[in-house]
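User: I am new to this structure. Please walk me through it in short steps.

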Amino acid sequence: MTQALTTHLSPASPSVLSAFDARWSSVLSMARTVRLCLREARPLVQVMFVLRFVTGALLTASAAHHRPDAPHLLLGAAAWWAATVSVYVFNGVSDLCEDRANRSRRPLASGRLTEEAARRAVAVTALTGLLLSCAAGWRVAEATAVFLALGYAYSAPAIAAKCRSWSASAVTCAAAGTTYLAGVASSGSTLAPEAAVFALVLSLGVGLIAAVAKDLGSTRGDALAGRRTLAVIRGEHSARRFCAASGGALTLTLTAGALWVHELPLDAAAVVFAVGALCVAGRCLPLRRKSARMKSRHFRAPYRSWMATQYAVHLTALTALIWA
């Protein structure tokens, strides 16, 4: 009896411990892959797309004087987040050669995330986004499918809209516009003038400023990959002037729209946008001192200023909705 009790209380066998260690190791590996995929998909961009979705929904609902369907809004925002991750991880896979040539520190280019794992993540997040969007409503599901198609058209090797500035601008502008329209669809209302003006100007900003500014400092890798971007063809000074001029033109457009609609969220957004456009223009000025560190920061400065402007404009519009 003592022998039987001793046998029952004996430690787990080595095979059981090995199986447990293997499973725990697999869980940790999966968690690390998820974290790297999210980082590859650029968290600031992920949040920005969800913010566009929510802003489109709330501006429209406010104009219609009703509350949006909260479950549909949350499901739609989650679907859009998943679709955005899918599109940007796919972009990272397609940009692998250029990113390595440009010495990018992103997970794929640095080798911390394998291409195989990234491709699996693209499929899983795309499917998740479509399923969640179906639960949010068919109009949101249609917009999600269009958004995924635009994202893959931007990066897919056979067509690769990213290889030319005009096509990159058109696709990114359409993707941003689709995001706002998906938010409108989730609100259950029709597109209001206030939301239409806001979505139009901010979508054009993505196409005319962000799509051009992001290529600054990447001309070496882009040229090696055969891309015909504005910065490669006409030089970075021309690309910077284009970004600055676009910011000025869009400021005038949003100001005119705000005067026409005359609603507090759009008025406040126009003021913040004007300040942001000035910052982008200032960041586009030539650099006098040429230390390597300053040049590296200078290349990304216009794009970072535009990202900050987008965040400020959207958050200002949402804050104004509370006070309106």
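Analyst: Let us start with a term: a residue is buried when its relative accessible area is under 20%. The model discussed here is predicted.

User: With that cut-off, is Asn91 buried or exposed?
Analyst: Asn91 is found in helix 4. Its relative accessibility is 6%. The cut-off for burial is under 20%. Therefore Asn91 counts as buried.

User: Which side chain makes a polar contact with the side chain of Asn91?
Analyst: Setting aside neighbours within four places in sequence, Asn91 is in contact with Arg42, Tyr154, Ser155 and Lys162. One of these also has a side-chain polar contact with Asn91, at 3.0 Å. That partner is Ser155.

User: How many of the residues of the protein count as buried, as a percentage?
Analyst: The protein has 324 residues. Burial again means under 20% relative accessible area. The share that counts as buried is 47%.

User: Among contacts between residues at least 6 apart in sequence, what percentage join residues at least 24 apart?
Analyst: Take the contacts in the protein between residues at least 6 apart in sequence. Then keep those that join residues at least 24 apart. Their share is 75%.

User: Is Ser86 buried or exposed?
Analyst: Ser86 sits in helix 4, which covers residues 70-94. Its relative accessibility is 0%. So Ser86 counts as buried.

User: Which backbone oxygen lies 2.8 Å from a polar atom of the side chain of Ser86?
Analyst: Beyond residues up to four places away in sequence, Ser86 touches Val122, Thr125, Ala126, Leu148 and Tyr152. One of these places its backbone oxygen 2.8 Å from a polar side-chain atom of Ser86. That oxygen belongs to Val122.

User: Is Ala118 buried or exposed?
Analyst: Ala118 has its place in helix 7, residues 115-136. Its relative accessibility is 0%. Therefore Ala118 counts as buried.

User: How far apart in space are Ala118 and Val89?
Analyst: Leaving out neighbours within four places in sequence, Ala118 is in contact with Val89, Val93, Leu108 and Leu113. Ala118 and Val89 are 29 residues apart in sequence. From C-alpha to C-alpha, their separation in space is 6.5 Å.

User: Which residues touch the most other members of the largest nonpolar core?
Analyst: In general, nonpolar side chains of soluble globular proteins tend to be buried together. Here the largest nonpolar core has 77 residues. Those that touch the most other members are Phe198 and Phe273.

User: Which residues is Phe198 in contact with, leaving aside its neighbours within four places in sequence?
Analyst: Contact means heavy atoms within 4.5 Å. By that cut-off, the partners of Phe198 are Thr55, Leu59, Tyr180, Leu266, Ala269, Val313, His314 and Ala317.

User: Which residues lie nearest the centre of the second largest pocket?
Analyst: This pocket has a volume of about 350 Å³. Helix 2 (14-40), helix 4 and helix 7 each supply at least two residues of its lining. The lining has 15 residues. Nearest the centre lie Thr33, Val34, Cys37, Ala121 and Val124.

User: Is Ser62 buried or partly exposed?
Analyst: Ser62 lies in helix 3, residues 43-63. Its relative accessible area is 31%. Burial needs a value under 20%, and exposure one over 50%. So Ser62 is partly exposed.

Key:
Residues are numbered from 1 along each chain as its sequence is written. This is a predicted model: local features need pLDDT of at least 70, side-chain atom pairs count only at pLDDT 80 or more; totals for chains, interfaces and linings use all residues. Side-chain values use heavy atoms; hydrogens and water are left out. Helices (H or I, at least four residues) and strands (E, at least two) are DSSP runs, numbered from the N terminus. Buried means under 20% relative accessible area, exposed over 50%, partly exposed in between (1.4 Å probe, protein chains only). A nonpolar core is a set of buried Ala, Val, Leu, Ile, Met, Phe, Trp, Tyr and Cys residues joined through side-chain atoms within 4.5 Å. A polar contact is a pair of N or O atoms within 3.5 Å; within protein, one must be able to donate a hydrogen and the other to accept it, and residues adjacent in sequence count only if both atoms are side-chain atoms. On a 1 Å grid over the protein atoms alone, a cavity is a set of points where a 1.4 Å probe fits but cannot get out, and a pocket is an open set with protein on both sides within 12 Å along at least five of seven lines; lining residues have an atom within 4 Å of a point. Grid points are joined across faces, edges and corners, and a volume is the space filled by probe spheres set on the points.
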